[in-house]
Amino acid sequence: MEHKGLREKTKQSRFIVYFVIFFATFWAKVAAQIKYSISEEAKQGTVVGNIAKDLGIDKTQLKERGYRIAGGPTEHLFRLNANDGILYVSKKVDREEICERSKSCVINLKTVLENPLEIHNVVIEVLDVNDHAPVFPEREKQLEIYESTLPGARFQLQPARDPDNSGQFSVQQYKLSQNDHFRLEIKDKGDDGKIPILVVQKPLDREMSRTHSLVLTATDGGKPPKSGQMEIIVNVLDVNDNVPVFSKDVYSVMLQENVPIGTAVLQVNATDLDEGSNGEIVFKFSNSMDHNVLQLFSINELTGEITVNGLIDYEIKEKYDIEVEASDKGSAPFTTEKNVIIKIIDVNDNAPEIEVTSFSSSIPEDSRPGTTVALISVNDRDSGLNGQVNCVLKEDAPFTLAPSLKERSYALVTKSPLDRETQAVYDLTIIATDAGKPPLSSEKTIRVIVSDVNDNSPVFETSPYMFYVTEANEPGTSVFAVRASDEDDNDNARVSYHIVRNADKVTSFLNINSENGHITALKSFDFETLKSFQFQVVASDSGTPTLSSNVTVHVFVLDQNDNAPVILYPVSSNGSAEGVEELPRNVNAGHLVTKVRAYDADIGYNGWLLFSLQEVTDHSLFGLDRYTGQIRTLRSFTETDEAKYRLVILVKDNGNVSLSATATVLVKVVEPREAFAASDVKSSAKDAEDTNVTFYLMITLASVSALFIISIIVLIAMQCSKSSTDYTSKYLQDTNYDGTLCHSIQYRSGDKRYMLVGPRMSVGSTIVPGSQANTLVLPDRRRPSEEVNVFLIDPNYLL
C-alpha cells in the first residue's frame, strides 16, 4: 500500500512539473524576463548581456523583426544592437543619480520584437561602488553641557551622510577620539541609518576644563574604507539639572495626502520641573531628520503644534517618523526627544497614465478582424480602488481594446473589416478611468492609417463615349480623349490606357497616350469614305494584381467642305466644261436653252449648289435659275441681236469657304430652217449624250442615297442600343425639308428634339433669335412641353 501511494504521488508530482514547464514556456513567448547586473561608473560600450542568446532568440530574425528598446526614462543609458541582440552601456551610469536614497537600484527595460509581437522585460541591477566618502553636515559642532550633567547623559549628534547608501558602502561605524569624559553610542534607525550619540561617562568639572575638543569619525564599509570627520567642541556650562518630559509616550496621527498648507497635524506637550528660564520649553525638529521632511512640516516652538508646510503625497511616502526635541531655556538646556508617527491616507489624486508600448501606425485595409494594431499599458500611481483602471475606446470605430495576459495591458485590435475608400484615417481616443471616488480619467489619441490594397477597378467617366470629329483632321494631333478614375491610392490608382486591336483596320491608325487617355489619329478622316466607326479602350491600374475595365467609343465623322463641284453637263469631247447650243431665232421668251448639271460629293450645306451667270454677252436676253441651272430666254430675238453668245456659269457650294467650278455655254442663233436641219443631224448624238449624262447622274444619286440610308441605319441602331440612358439620342429620317443632295438627321435628348438640316427647309420653320441663323425651331404637336431645336450643319463646327 505504501508503494502504491508513493507511485500515485510520483505521478502527481510529474504532472505538476510538466504543467509548470508548459506554462513557463508559454509565458516566456508572451513576455520573457531576464536579469543582468552592472557596476555603476561602467564605461560606455560595456557589454551588459547578450539578450538574444539568453532568451534563445534566433539572431537572424532580430533586424528583420525590428528588435528595439520600447522606451522609458532610462532608455538613453543603454544601446541594443539589433544585429546580434547584445545590450551595451551607452552612457555613464551614476547609481546615486538614478536611485537616490534607495538601497537597491533596479532598471526595468522593455524590449520589443515585431511581427509577431514579443515583449521581453530586462531587469538591470546597478551595483554600487564605493565612490563617495561620508560627509557630516557641519565641519565643527558646538555643544554646551552643564557641569551638573550626570554620567549617562546623552547628546544626539548629526549623522554623517554617504551618497553610497546601499549596503556596506553606507556609513557603517562611528569612532570618537580618545578622551576621559565622553563615550560614543550608536542608535540604529533602520532605513534612516545609524545615529551617533555622545554620552557623558564621567562628571564634568568646569573649573578644571571649560572646553573639550573631540573628533568624530564616520567610516563606510568599502575596501579600502572611506571616512569623514567632524570636530566637536564641548563647552561646559553651569547647573540645569531637570530635563523636559513629554506628556505622552507615543504620538501617532492619520493625515490625508494633499491637505492644504497650514493644516494642523497634532500638538505635542512637555513639562520641566525647573523654574524660570530653566523650566521654559521650546520645541523643534531633530537635526537628524531628512531635510526633505523638514520642508513638508513645521512646528511652533512655543506651542508644539505641528502643521503642514508642503505638499503631502502618499505615492512618495506612506509614513513619516518625525523626531521632536523639547529643550528648556536654561543656560545649559536639557533636551528630550520624542518620535511622532504620521501615517498618510491615500486619496484618488492621480489620473491613470496611458503608454503605447508598440504601435503600427499603418494597417492594410484587407486585414482580418483581430489583427493587432498597438499594445497599450495603463498605470495609476494610486493604490487600492484608486489604482484600479478600466480602459475603453471613445469612438465607434472598427477597432476594440482586448485585455492582455499582463495586468493593466491591452491590445488594440480590429473588430470588423476595413475599407480605405470609405475611411482612410482613424483618430482613436483611448480613455482610462480609475475606480476612485470621484473617478479620474485620462485620454490618449493615436492615429491609425488604413493603407491601400488594389480592390477597385478603374471606372470611366461615361460609357459609352460618343465623339464627333471633322474630316480632314491633321494627322498626329489629339482628336478626343477618354478618362477613367480609380478609388484606390498611389500605384493602385495609377491608370494606363490602351486600345483593343482587332481585325478592323480603323484601330490601326489610332494611337492612345497610355498616361492621359488622349487619342491621336495617325491619318486624316474622310467623310466620303468613312462616316462612323467604334472601338474599345481598356483602362488598367498599376496594382498587383492589375485590375482593368473597358469602354466602347463611338466616333462620327462630320463632313467638311473639301470637294469642289463637278460639272456633269455640258462636257466637251476634250473633257472641258464647255458646250455649244443652237437656238432658232423665232423662239419665244421662256424657251429652255439648256440645263447645266453639276455634282458635289459633300453633303448638307457643303453639297448644296447654287448657279449664277458669271459672264454673259447680253443680260437682257438670257436668264439662269440659281437652283436648277436651267438657262432660258428672257425675251424674243430681234433682227438686231447678234448671232452668237457666250455664257459663263459659276457653280459654287454653300460651305463656309465656298468651292466652285465654271461651265461655258456658247449659244448660236440660227434661222429656223438651219435649226431644224441641225436638230435632225444632232438628234442622234444628243440622245446619246443625254443618255450618258442621265446614267452618270443616276449613279451619283444612287451612291449618295445609299450612303445616306446607311448612316441613318447606323444611327438608329446606336439609338436602340442606348435607349435606356438619359442622354440617348433617337435618330429619325427628316421629312420637314427638301433639296438636292442635302443631308439631314433628327435626334432627341431628354425632353428636347433636335434636327440637323441642309439648306432647304420646310415652310413653318423659324429661326431662333440669337442663334446666328444656325438654329431653327420646328413646330412639334406631339407634346406641349417638348421643345424642338433644329441646328443647321456647319462643317467646321464640332458638335
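Strand S49 (residues 660-670) is mostly covered, with eight of its eleven residues buried; here buried means under 20% relative accessible area, exposed over 50% and partly exposed in between, with a 1.4 Å probe and protein chains only. Strands and helices are DSSP runs numbered from the N terminus (helices H or I, at least four residues; strands E, at least two). The model is a predicted one, in which local features need pLDDT of at least 70 and side-chain atom pairs count only at pLDDT 80 or more, while totals for chains, interfaces and linings use all residues. Residues are numbered from 1 along each chain as its sequence is written, and side-chain values use heavy atoms, leaving out hydrogens and water.

S49 has partners in both senses. Strand S48 (residues 644-652) runs antiparallel to S49 and is joined to it by nine bridges, with Arg-646 having Leu-666 as its bridge partner in S49. Strand S42 (residues 578-584) runs parallel to S49, joined through seven bridges; there, Glu-582 is partnered by Lys-668. Two strands count as paired if DSSP finds at least two bridges between them.

For the whole protein, five helices and 54 strands are found. Of its 799 residues, 43% are buried.

The largest nonpolar core holds 28 residues, of which Phe-297, Ile-322, Val-324 and Ile-342 touch the most other members. Such a core is a set of buried Ala, Val, Leu, Ile, Met, Phe, Trp, Tyr and Cys residues joined through side-chain atoms within 4.5 Å. Elements giving two or more residues to this core include helix H4 (291-296), strand S22 (319-328) and strand S23 (335-345). The largest share, four residues, comes from S22. Leaving aside neighbours within four places in sequence, Ile-342 is in contact with residues including Val-253, Leu-255, Phe-297 and Ile-322, contact meaning heavy atoms within 4.5 Å. A second, separate core of 27 residues includes Phe-460, Ile-499, Leu-510 and Phe-533.

S11 pairs with strand S12 (residues 194-200) in the antiparallel sense over seven bridges, and Ile-186 stands opposite Pro-196 in S12.
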